[in-house]
Amino acid sequence: MAAGHSGCGEAAVTEGNTHGSYMLVLDDRIYYFGLLGNRMKTRRLGALAIYLSPSGQLRLKDPDGVWTTHDLAIVPPYQPHQVSSGCGWIISVLIEPEKLKDGEVEALLSLCRDPRQRAAMTARLIDAAGYLAAAASDGEMTEAEFDRIVLGRELHRRAIDPRILVTLENLMIEGGEYQPMAADLALGVGLSASRFLHLFKEQTGVSFRNYRTWRRARTFLLHANLSNSLTDVALQLGYPDSSHFSHSIRKTFGLKPRSIRIGSQNLDVAISARMAAALGA
């Protein structure tokens, strides 16, 4: 998730985090406290992204190429952007929107406009790594628990057509060489491919292609601090070759897979049971 380091030292950055670099990967949530690549390019995440620099401010580049300075920044899902932290570290929270009730993403985006809410969010994000690590070590972390610790409240879910919900569940734990296509998934839920694609976007707000691309790239994060070869990872995740794999990861996260690996060497990663299934653990 990160690579490269400049500016302040680890002790200064992690004063409120006794666990050092930490990432928690749940089914629809990710929390990351660690290095930020100083060579990061434009990224396009399939999740709402909340960013905070643990020390000082961060800079955000919008789709128009304009850089702005923030203490806390929130970026909508699938919006191209670039982020830079002067201290070389970042706290980021990724929240996938597909199962959220209408209005929840907008409510989160509005936090930056309220100074009191922004200050409360900043304090929670800095303290969250320790709380999440402790809670996750006691058993399976639920997304409701995650939301209460990180966001201060539980996000509301919405009802989803059961045929699309089962598709989301299947895509959530994919990670092997077989990558189901729309036609296969449509057949499994009794729909034509065209009807399935229409219903998927209607129910989730995102095209099947974009969602599948995001979920596959996201699964790479489970391999971030491992030592298996990147070629093997590319094949396991269903990419046709290493070049396609590298391009997709860089387009999604703004960094090449190898750069993410280098920056994640001392990263403590905790994952949910279903993410462990995707990893093959």
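**How do you know that?**

Modeller: Let's start with a pair of helices: α8 and α10 are roughly perpendicular to each other. Keep in mind that this is a predicted model.

Colleague: What makes α8 and α10 "roughly perpendicular"?

Modeller: The axes of α8 (residues 208–219) and α10 (residues 242–253) cross at roughly 100° and come within 10 Å. Angles of 65 to 115 degrees count as roughly perpendicular, so that is the name for α8 and α10.

Colleague: Which residues make the contact between α8 and α10?

Modeller: On α8, Thr 213, Trp 214, Arg 216, Ala 217 and Arg 218 take part, and on α10 the list is His 244, Ser 248, Ile 249, Thr 252 and Phe 253. Sorted by class, that contact has four nonpolar, four polar and two charged residues.

Colleague: How do you know that the buried residues of α4 line one face of the helix?

Modeller: The buried ones in α4 are Glu 143, Phe 146, Asp 147 and Val 150. Looking down the axis of α4, these buried residues fall within an arc of 95°, so they line one face. There's a handy rule behind such patterns: an α-helix has 3.6 residues a turn, so residues three or four places apart point the same way.

Colleague: And what do the buried residues of α4 pack against?

Modeller: They pack against β1 (22–25), β2 (29–35), β8 (89–95) and α3.

Colleague: Glu 143 is on that buried list. Why does Glu 143 count as buried?

Modeller: Buried means under 20% relative accessible area. Glu 143 has 16% relative accessibility, so it counts as buried. Leaving aside neighbours within four places in sequence, Glu 143 is in contact with Leu 26, Asp 27, Asp 28, Arg 29 and Arg 157.

Colleague: How about Tyr 78: buried or exposed?

Modeller: Tyr 78 comes out at 15% relative accessibility, so buried is the word. You'll find Tyr 78 in the loop between β6 (72–75) and β7 (82–85).

Colleague: What is phi for Tyr 78?

Modeller: Phi of Tyr 78 is near 65°, a positive value in a residue other than glycine. Most residues other than glycine have a negative phi. Positive phi turns up after α4 too, in Gly 152, near 85°.

Colleague: Last one. Why is Asn 38 called exposed?

Modeller: Exposed means over 50%. Asn 38 has 52% relative accessibility, so it counts as exposed. Asn 38 sits in the loop between β2 and β3 (48–52). Its C-alpha atom is separated by 9.4 Å from that of Trp 89, 51 residues apart along the chain.

Colleague: And the whole chain?

Modeller: The protein chain has twelve helices and nine strands, and buried residues make up 50% of its 281 residues.

Terms used
Residues numbered from 1 in each chain as written. Predicted model: local features only at pLDDT ≥ 70, side-chain atom pairs only at ≥ 80, totals over all residues. Heavy atoms only, no water. Helix = DSSP H or I, 4+ residues; strand = E, 2+ residues; numbered from the N terminus. Buried < 20%, exposed > 50% of the residue type's maximum accessible area, 1.4 Å probe, protein only. Contact = heavy atoms within 4.5 Å. Arc of directions from axis to C-beta. Axes fitted to C-alpha atoms, helices over the stretch in contact; angles between N-to-C directions. Parallel < 35°, antiparallel > 145°, perpendicular 65-115°, else oblique. Nonpolar A, V, L, I, M, F, W, Y, C, P; charged D, E, K, R; others polar.
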